[in-house]
Amino acid sequence: LAERGTSATLSDGSSVSVPRSEAPAYFEWAMWRAFLAMNSLANKPYEARRFKIDQDFLPISCAPGGGPDLIFEFDDFVVVVEVTLTESSRQEAAEGEPVRRHVAGVAQDHLARGTGKPVYGLFLANRIDSNTAETFRIGVWYLADDSRTQLDIVPVRLSAFREFFDAVFDNDLCGPDALRSSLDDSIMLRDDAGGAPNWKTQIDHIVRWTGDSV
């Protein structure tokens, strides 16, 4: 994984050149590769991504609109991953509604199918705007029939997720278990965090150290 720039560093230390205009597509691709490396998906690799790849397995474009960037299904839970390179106050306007809608849609689909799997949202960005974090901390979505549903969406900085990812593999831990533990711990703190800024700090701490403590 790599933060914004002209190259993407893979988990094995190798890198690929990334034209700046293609950075969003490679961000999604890098996250897809990271989750595939956990080797624990219940859905097929091609089902986990909505972007297309070429014959070299590199991304052709970003995931199309109207749905999540990535959907990773494990044996007992699901993670909807949304990524963005937007960092300013525009982040909430651009991502707040679509991310909640996408997570709610996947959750309703699993409810209708009776899988019994809880659905989490994982929002990744180089910088999390506090307005975005507050939207996800409240995490409310109203369905077409005006029924209210609570969403579990955790905003995480890319640098923190990279430390988590490295810790999981350096310590030979079960990636899905560590990931779910960090998401659950972050969600448990949202109501008592005292607002988005403090919640972001707590999430950073949880995600960075979960890999070492599981």
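## Enclosed cavities

The second largest cavity of this predicted model has a volume of about 40 Å³. A cavity is a set of points, on a 1 Å grid over the protein atoms alone, where a 1.4 Å probe fits but cannot get out. Grid points are joined across faces, edges and corners, and a volume is the space filled by probe spheres set on the points.

The lining of the second largest cavity consists of Leu 122, Val 154, Val 156, Phe 161, Phe 164, Leu 179, Ser 182, Leu 183 and Val 207, where a lining residue has an atom within 4 Å of a point. Two or more of these residues come from each of β8 (152–157), α5 (158–170) and α6 (175–188), and α6 supplies the largest share, three residues. Helices (H or I, at least four residues) and strands (E, at least two) are DSSP runs, numbered from the N terminus. By class, this lining has eight nonpolar, one polar and no charged residues; Ala, Val, Leu, Ile, Met, Phe, Trp, Tyr, Cys and Pro count as nonpolar, Asp, Glu, Lys and Arg as charged, and the others, Gly among them, as polar.

## Basis and confidence

The model is predicted: local features need pLDDT of at least 70, side-chain atom pairs count only at pLDDT 80 or more, and totals for chains, interfaces and linings use all residues. Residues are numbered from 1 along each chain as its sequence is written, and side-chain values use heavy atoms, with hydrogens and water left out.

The mean pLDDT (the predictor's confidence in each residue, from 0 to 100) is 89 for the chain, with 88% of residues reaching 70 or more. Among the elements, the lowest mean pLDDT, 57, belongs to strand β1 (residues 7–9), and the highest, 98, to strand β3 (residues 70–73). Over residues 1–5 the pLDDT is below 50, and this stretch has 20 contacts in the model beyond near neighbours in sequence. A contact means heavy atoms within 4.5 Å.

## Overall architecture

The chain contains seven helices and eight strands. Of its 214 residues, 49% count as buried, that is, under 20% relative accessible area, with exposed meaning over 50% and partly exposed in between (1.4 Å probe, protein chains only). Among contacts between residues at least 6 apart in sequence, 66% join residues at least 24 apart.

## Pockets

A pocket is an open set of points with protein on both sides within 12 Å along at least five of seven lines. The largest pocket holds about 230 Å³ of space. It is lined by 17 residues, of which Glu 28, Ala 63, Asp 69, Val 83 and Glu 95 are the closest to its centre. The elements giving two or more residues to this lining are α1 (23–37), β4 (78–84) and α3 (90–113); α3 gives the most, with four residues. Nine of the lining residues are nonpolar, four polar and four charged.

The second largest pocket holds about 180 Å³. Among its 14 lining residues, Ala 107, Pro 118, Val 119, Thr 149 and Gln 150 are the closest to the centre. At least two residues each are supplied by α3, β5 (119–125) and β7 (148–150), and α3 provides the largest share, five residues. This lining has seven nonpolar, five polar and two charged residues.

## Buried helical residues

Gln 91 lies in helix α3 and is buried, with a relative accessible area of 0%. A polar atom of the Gln 91 side chain lies 2.9 Å from the backbone nitrogen of Asp 129.

Ala 196 belongs to helix α7 (residues 196–213) and is buried at a relative accessible area of 4%. Beyond residues up to four places away in sequence, Ala 196 touches Ser 130, Ala 133, Glu 134 and Arg 137. Ala 196 and Thr 135 are 61 residues apart in sequence and 8.6 Å apart in space, C-alpha to C-alpha.

## Positive phi in loops

Most residues other than glycine have a negative phi. Asn 39, in the loop between α1 and α2 (45–48), has a positive phi near 55° and is exposed, with a relative accessible area of 71%. Phe 57, in the loop between α2 and β3, has a positive phi of about 65° and counts as exposed at 54% relative accessibility.

Note on methods:
Polar contact = N/O pair within 3.5 Å; in protein donor to acceptor, adjacent residues only side chain to side chain.
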